[in-house]
Amino acid sequence: MTHPHETVDVALGERSYRIEIGNGLLGKSGEWVAPLLTRPKVAVVTDDTVGPLHLGTLRAGLSASGIEMVHHTLPSGEATKCWEYLTETVEWLLEQKVERGDMVVAFGGGVIGDLVGFAAATLRRGVRFVQIPTSLLAQVDSSVGGKTAINSTHGKNLIGAFHQPSLVLADVAVLGTLTERDFLAGYGEVVKYGLLGDAAFFDWLEVNAPILAAGDIDKRIEAVRWSCQMKADIVERDETEKGDRALLNLGHTFGHALEAATGYSDRLLHGEGVAIGCALAFEVSSRLGLCSQEAPSRVRAHLKDMGMKTDVSDIEGNLPDANGLLALMGQDKKVTQGTLNYIMTRGIGDAFVTSDVDSDVVKAVLSDALAS
Ligand code: NAD
């Protein structure tokens with residue numbers, strides 16, 4: 001059976017690149033990578049979950065176009081996004097004699113994409129890199145747009161750079177080996193796009209998301225294409241987040257606080273935090289009279305339909321109280337001159353950025369959420 005092949009262009013002048021989306025792209029990866037190379041060799045960094053599953057297919061796909069591949073494997077998990085593994089990666093790339101004109105490949109989920117992208121941004125003051133995202137989250141979000149980072153003890157993604165990839169290869173076939181939990185966490189970022197800027201996408205997801213979660217390849221391709229197109233449109237308008245790009249952070253200020261509160265551990269995955277955060281952002285918007293009371297209920301109903309974590313009470317174990325969570329939200333990168341910028345909404349598909357949010361209302365929503 002043939003499946004559609006989609007492309008999304010990210011038009012950023014001399015930093016423009018294409019996102020290729022399809023089924024079985026890994027085995028033909030050389031077709032897209034070869035034209036970018038100055039010599040037929042790439043350095044691939046992956047993690048110890050993705051490597052054993054998919055590195056052989058990638059190697060074969062590159063080799064079919066005469067490209068040699070060396071690789072380095074990092075431990076999987078959020079804790080890898082730290083100085084120690086950044087150093088290890090950069091030193092390995094230098095050992096491999098990666099030069100200015102060479103191509104580094106980030107082959108994994110958002111953790112590998114963020115860390116390897118940052119390594120590429122700093123190595124020899126910047127080498128080019130290809131994103132081959134293997135998680136749903138990475139295919140729809142983290143591999144696109146050029147944000148790269150590692151975490152600090154002070155918070156997530158606080159050390160990083162803007163560095164656009166030269167190509168993104170999103171092969172939905174590899175999503176088949178994700179755990180259900182990781183797949184659904186990635187879906188948190190998919191649904192975010194509908195919620196922040198496209199009610200028609202949210203309508204489509206209400207009907208089609210259960211089908212794509214069950215494994216439908218064409219619907220997976222369509223969801224990745226739609227998400228990437230939305231992200232590309234926003235990044236083209238505001239590459240370095242001086243305005244509109246902040247909309248992509250819908251649910252993230254709450255989500256990052258919950259991730260910090262759970263120690264960036266398995267208790268709460270990033271995409272799960274985003275989903276709960278989106279529900280909270282809609283709840284606060286509704287209490288402020290910005291959107292209807294039905295909107296947060298519709299969001300929560302869809303997340304529950306998908307079997308996702310929806311409420312703060314779905315997180316196991318103890319959490320800080322509302323004041324504690326508010327303090328963690330204050331650590332967010334979206335704080336400017338001491339004021340927290342919120343992404344609020346006028347309804348599904350209609351998010352906006354504002355600092356004009358009464359923190360007592362936020363605190364009340366958090367208190368209620370913690371008590372339920
Ligand atoms: P991840 O990289 O930890 O991947 C999740 C898990 O899935 C890992 O255990 C990984 O080994 C495994 N995995 C990945 N692909 C697989 C596959 N095909 N089969 C089986 N297992 C597979 O995390 P993630 O959810 O992909 O990404 C989260 C990270 O992305 C966070 O650090 C977040 O901050 C970052 N992020 C960055 C941006 C950005 O714009 N740069 C945007 C959103 C999120």
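Hi everyone, let's start inside the protein: the largest cavity holds about 70 Å³ of space. Before going on, this is a predicted model, where local features need pLDDT of at least 70, side-chain atom pairs count only at pLDDT 80 or more, and totals for chains, interfaces and linings use all residues. Residues are numbered from 1 along each chain as its sequence is written, and side-chain values use heavy atoms, leaving out hydrogens and water.

A quick word on terms. A cavity is a set of points, on a 1 Å grid over the protein atoms alone, where a 1.4 Å probe fits but cannot get out, and lining residues have an atom within 4 Å of a point. Grid points are joined across faces, edges and corners, and the volume is the space filled by probe spheres set on them.

Around the largest one you'll see Arg39, Lys41, Val42, Ala43, Val70, Gln96, Lys97, Val98 and Asp102. Strand β3, residues 41-47, supplies the largest share of that lining, three residues; strands here are DSSP runs of E, at least two residues, and helices are runs of H or I, at least four, numbered from the N terminus.

Now the second largest cavity, with about 40 Å³ of space. Its lining is Asn249, Gly251, His252, Thr253, Phe254, Tyr342 and Ile343. Two or more residues each come from α9 (252-261) and β12 (342-345), and α9 gives the most, with three.

Definitions and conventions: 1 Å grid on protein atoms, 1.4 Å probe; cavity = no way out; pocket = protein on both sides within 12 Å on 5 of 7 lines; lining within 4 Å.
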